[in-house]
Amino acid sequence: GIIVADVVGAGILGMPHAVAQLGWLLGGAAMAAMLAANVHISLLMWKVRVSCPDCEGVRTYIGLARGSFAKAPRWQRNVVAMATGASQYCFLFGLMGIYLLSAGTGLGMLFYGQEVCLPTWSAVAAIVLLPFAGTAREMGAYQSLVWINVITLCGTILIPLVYYIAVGTQELDLSSARWYEVAPLTATGVLSALSTFTFGMTSQFMLTEIMAEMKDVNELPKAYAHISAPFQLCAFMVAGLGGYYFMGSLSAGMLNENLPFGAPLQAAAACLLVHMLISYLIKGVVFSTAVIRRAAPNFANPDDPRKRSLAAWNGAVISTLVAAWLLANLVPFFGDLVDLLGASCTPLSCWVIPILMFLRNRYDQRNIEGRPKVHVLEWFVIALELALAMVLMVMGTYSSVQGIVRHWHQFGAPFSCHCEGIWNTCACSADHIGMDWCEAAIANATR
């Protein structure tokens, strides 16, 4: 259940915009190809986990990296361990900031009649999350929440699409929208789309921790390739192609933001809120565990019944929540932050490092008879995956930073109210769908 719930997260809400950069045909093909690459790299990690003697019983991503490079020169072990830890925890921390930001947005949309600013809503989301995060020391602690996460994700995607099917898109100004099989391509658009796909689909930075909680790690290929991957493919295709079908080249932001104020928006917002809180809970277990292992290793055992251990865990959870809330309100822009994370941390943590671990493990087993052979076609695929990861890390990160700089004047200052789209007032949401009457109201007010 955790595999299904974890691999589909916040990035799926940006899929329509990513498809708009490529067109429905090329976008659909790119989604399928990126998902196939993601599954392939995940299985490479699994092969390292089950075939490397020094990786037996490891419970962390850093542990897997150290085990796979146990026979390598010391400098290689140190570099890989440092890169693994830095990329994993930076990615996790960035994700948790996005989750709190999105949960705050969900609360604001749910109670759009209450004029409460986004930083306050994000703080409320953190407070709601605290009792669960303070008592969940393993990812599977609340099994029911894992499946609720999947259900609410489906609701976040399907409610806007069903609304457009039932009501139509008359409220959307689509006069300038275009629909392409293959859109006019730009380097910035292609990099943005691939970064969004990469961000939304990858799970390798959590895969070792997920395998550690599995009863039988040999079941991972079946669970991942036969259950999780088909679900991912359906979810991404429905979200990406469905959103593009209705909004075309004007697809932007999160899918649920393109609903008028009313019950459908509130229902989608409630699903978004629950989904983001549970997603934070899953990622927060891994991040807070790393914090407590470094700060108070004597209390890091999740089965430790001592009150001091529980207090230490809650200290790690609260400090992490506060830091994630600060990040969420320092950079309150969803789409550009997704692009930046997808281009900077994701290729290194989820593509490059797993492939390097696989290559090192293959090298160390070069003299072992009967080791499984790697087909020349698979070597070609691995080379392509490494090349794409390097392009995304360098060019994608540069493009994402340029986009943030270019749009900075639109974001407002850190910790600003950011009431756009969460207050049904003309002052905040005059451009929101269904708020056309604001033009007449503003015109009358200026006479």
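Helix α3 (residues 24-51) and helix α10 (residues 220-247) have axes that come within 10 Å and cross at roughly 160°; the axes are lines fitted to C-alpha atoms, for helices over the stretch in contact, with angles running from 0 to 180 degrees between N-to-C directions. Because angles over 145 degrees count as roughly antiparallel, α3 and α10 are described as roughly antiparallel to each other. Helices here are DSSP runs (H or I, at least four residues), numbered from the N terminus.

The model is predicted, and local features need pLDDT of at least 70, side-chain atom pairs count only at pLDDT 80 or more, while totals for chains, interfaces and linings use all residues. Residues are numbered from 1 along each chain as its sequence is written, and side-chain values use heavy atoms, with hydrogens and water left out.

How many residues of helix α9 (residues 204-212) are buried? Nine of the nine are, so helix α9 is largely enclosed by the rest of the structure; among them are Phe205, Leu207 and Ile210, together with Gln204 and Glu209. Buried means under 20% relative accessible area, exposed over 50%, and partly exposed in between (1.4 Å probe, protein chains only).

A salt bridge is taken as a side-chain nitrogen of Lys or Arg within 4 Å of a carboxyl oxygen of Asp or Glu, and by this rule the count comes to three.

| Aspartate 54 | Lysine 71 | 3.1 Å |

Aspartate 54 is partly exposed at 39% relative accessibility, whereas lysine 71 is exposed at 53%. Aspartate 364 and arginine 360 both lie in helix α13 (residues 334-364), four residues apart, about one turn of the helix; aspartate 364 is partly exposed at 21%, while arginine 360 is buried at 13%.

On the surface, Trp24, Leu25, Leu26, Val182 and Leu185 form a nonpolar patch with about 440 Å² of accessible area together. Patch residues have over 30% relative accessible area and no salt bridge, nonpolar side chains (Val, Leu, Ile, Met, Phe, Trp, Tyr) being joined within 5 Å, and accessible areas come from the Shrake-Rupley method with a 1.4 Å probe. Leucine 185 lies in the loop between α7 (143-167) and α8 (187-201) and is partly exposed at 47% relative accessibility.

Note on methods: Patch = residues over 30% accessible without salt bridge, like charges linked within 9 Å, V, L, I, M, F, W, Y side chains within 5 Å. Helix = DSSP H or I, 4+ residues; strand = E, 2+ residues; numbered from the N terminus. Parallel < 35°, antiparallel > 145°, perpendicular 65-115°, else oblique.
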